[in-house]
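Colleague: I'd like to learn how to read salt bridges in a model. Can you walk me through it?

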Amino acid sequence: MVDECRVEVPGGVVTDPDTLQDVVSWRVLYEGRCRLQRVNVQASEVEAAAAFAGKTPTDLRLPLGAPELPNGARVTVTRHARLVGRQMTVKGRSFQTFERDARYACEGVDW
């Protein structure tokens, strides 16, 4: 695995000192090596911020020693040839009989 990512889950609500607005804080659940692979080359159209943007299913693989990721966790790519800064959402875990890594189905902005 040569890519790296950070996985975060909502940690609670805090007050932003600059705007005095309540915002969700994020707690880092995992940060380290990962592997990203596009599952399908056809992007589906969804409405996002009053504009249409393609969303591509992505296969996220983590080392087996990584913590279990809950559905809805936010994944941010921190090291990759083209995807640094992109974010995805964990949709579910897939299992195999003989696992070499932990695999998760994610959905994110088109590659």
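Colleague: What does Arg-103 form with Asp-101?

Modeller: A salt bridge, with the closest N and O atoms 3.3 Å apart. The term means a side-chain nitrogen of Lys or Arg within 4 Å of a carboxyl oxygen of Asp or Glu. Keep in mind that this is a predicted model, where local features need pLDDT of at least 70 and side-chain atom pairs count only at pLDDT 80 or more, while totals for chains, interfaces and linings use all residues. Residues are numbered from 1 along each chain as its sequence is written, and side-chain values use heavy atoms, leaving out hydrogens and water.

Colleague: Is Asp-101 buried or exposed?

Modeller: Buried, at a relative accessible area of 10%. Buried means under 20% relative accessible area, exposed over 50%, and partly exposed in between (1.4 Å probe, protein chains only).

Colleague: How many salt bridges does the rule give?

Modeller: Eight. One of them pairs the side chains of Glu-4 and Arg-79 at 3.5 Å, N to O. Glu-4 sits in strand E1 (residues 3-15) and Arg-79 in strand E5 (residues 74-79), so this pair ties together parts 75 residues apart in sequence. Strands here are DSSP runs (E, at least two residues), numbered from the N terminus. Glu-4 is partly exposed at 29% relative accessibility, and Arg-79 is partly exposed at 48%.

Colleague: And which side chain does Arg-74 meet in a salt bridge?

Modeller: That of Glu-8, at 2.9 Å, N to O. Arg-74 is in strand E5 and Glu-8 in strand E1, 66 residues apart. Glu-8 is buried at 9%, whereas Arg-74 is partly exposed at 21%. Through shared partners, salt bridges join Arg-6, Glu-8, Glu-31 and Arg-74 into one network.

Key:
Helices (H or I, at least four residues) and strands (E, at least two) are DSSP runs, numbered from the N terminus.
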